[in-house]
Amino acid sequence: MSGTASSTSTDLRVISLADRPELEEAMITMESSWPAYIRPEPLLVDWAFDAHAAHQLVVVDAQDEVVARAASVPFAWDGDPDHLPDAGWDETLRQCLSDTRAGRELTALCALEIAVVPDRRAQNLSAYTLRALADHARERGFRHLVVPVRPSRKHRRQELPLADYLALRRPDGLPEDPWLRVHMRAGGEVLKVCPASMTVSGSLAQWREWTGLPLDTDGPVELPGALTPLTVSTTHDYAVYVEPNVWVRHHLTGRRP
């Protein structure tokens, strides 16, 4: 698959790790804006990359440098929004493992991440990469592309429930959140909130290393880049971050938006 983003002057190519496995390290180590405390289960991620390399996409420029990535996994889903897991990101990855090993029909592709190198964000590469992943899913015969979307500016309103944040709209009716707008403009449909999409827990020593904060009082603490506050317990020497996301579906049949 190949293409050119209209807002860039360089030729871009979309390549899967199945075709170019040597790009895996560059994909994983690509600079991104994820906070240090977002720490997916490495064994599951490694398994997904090995078992489903065809669905791990990178966007490379004319110099063969990775400038964006789209990590995704297939799973069995009947199209009913109520059957999408409330523990979106974490549970879909586990469900992919279970469905793959059980030999179930993998009907949907779930985008675990779509990320762009920070200094390339002004070039509309997020929309380009999302479209490339939708095209990939369509060409591979999936019925659905779903995304547990991490709203890009929710961290500025950590105290606001995600459902209320979703209700914030511009005069043109589109979401205030830029990343959600990208999905809506690409034809995405908001299905529901997944309230516990990713859960990260650790000792206070670990959280101090990840955040540089003292974390010496009990209760909620706002973290840079977090969508909701961190819950701290000095008595039990741990802290837990539970991140909500938004399930968005992109229809893969009929005319492209």
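The structure is a predicted model, in which local features need pLDDT of at least 70, side-chain atom pairs count only at pLDDT 80 or more, and totals for chains, interfaces and linings use all residues. Residues are numbered from 1 along each chain as its sequence is written, and side-chain values use heavy atoms, with hydrogens and water left out. Helices (H or I, at least four residues) and strands (E, at least two) are DSSP runs, numbered from the N terminus.

**Helix α7**

Helix α7 spans residues 204-211. Its buried residues are L204, W207, W210 and T211. Here buried means under 20% relative accessible area, exposed means over 50%, and partly exposed lies in between (1.4 Å probe, protein chains only). Seen down the axis of α7, the buried residues fall within an arc of 120°, so they line one face of the helix. The arc is that of the directions from the helix axis to the C-beta atoms. An α-helix has 3.6 residues a turn, so residues three or four places apart point the same way. A205 and E209 are exposed on the other side of α7.

Contact means heavy atoms within 4.5 Å.

**Two helix pairs**

Two packed helices are described by the angle between their axes and the distance between the axes. Axes are lines fitted to C-alpha atoms, for helices over the stretch in contact, and angles run from 0 to 180 degrees between N-to-C directions.

| Pair | Angle | Axis distance |
|---|---|---|
| α2 and α3 | about 50° | 11 Å |
| α4 and α6 | roughly 45° | within 10 Å |

Take α2 (residues 42-51) and α3 (residues 88-102). Their angle of about 50° makes α2 oblique to α3. Angles under 35 degrees count as roughly parallel, over 145 as roughly antiparallel, 65 to 115 as roughly perpendicular and the rest as oblique. The crossing of α2 and α3 is left-handed. A crossing is left-handed if the near helix is turned anticlockwise from the far one by less than a right angle, and right-handed if clockwise. From α2, L44, V45, W47 and A48 take part. They meet W89, L93, R94, C96, L97, T100 and R101 in α3. This contact has eight nonpolar, one polar and two charged residues. Ala, Val, Leu, Ile, Met, Phe, Trp, Tyr, Cys and Pro count as nonpolar, Asp, Glu, Lys and Arg as charged, and the others, Gly among them, as polar.

The axes of α4 and α6 cross at roughly 45°, which makes α4 oblique to α6. This crossing is right-handed. S126, A127 and L130 in α4 meet W179, V182 and H183 in α6. By class, the contact has four nonpolar, two polar and no charged residues.

**Around α6 and α4**

Helix α6 (residues 178-185) is mostly covered, with six of its eight residues buried. These are W179, L180, R181, V182, H183 and M184. They pack against α4 and α5 (162-166), and against strands β5 (108-116), β6 (144-149), β7 and β10.

T129 sits in α4 (residues 125-139). T129 is buried, with a relative accessible area of 2%. Leaving out residues up to four places away in sequence, T129 touches V59, A68, R69, A70 and I114.

**Helix α1**

A26 lies in α1 (residues 24-29). A26 is partly exposed, at a relative accessible area of 32%. E65 is 39 residues from A26 along the chain, and their C-alpha atoms are separated by 8.3 Å.
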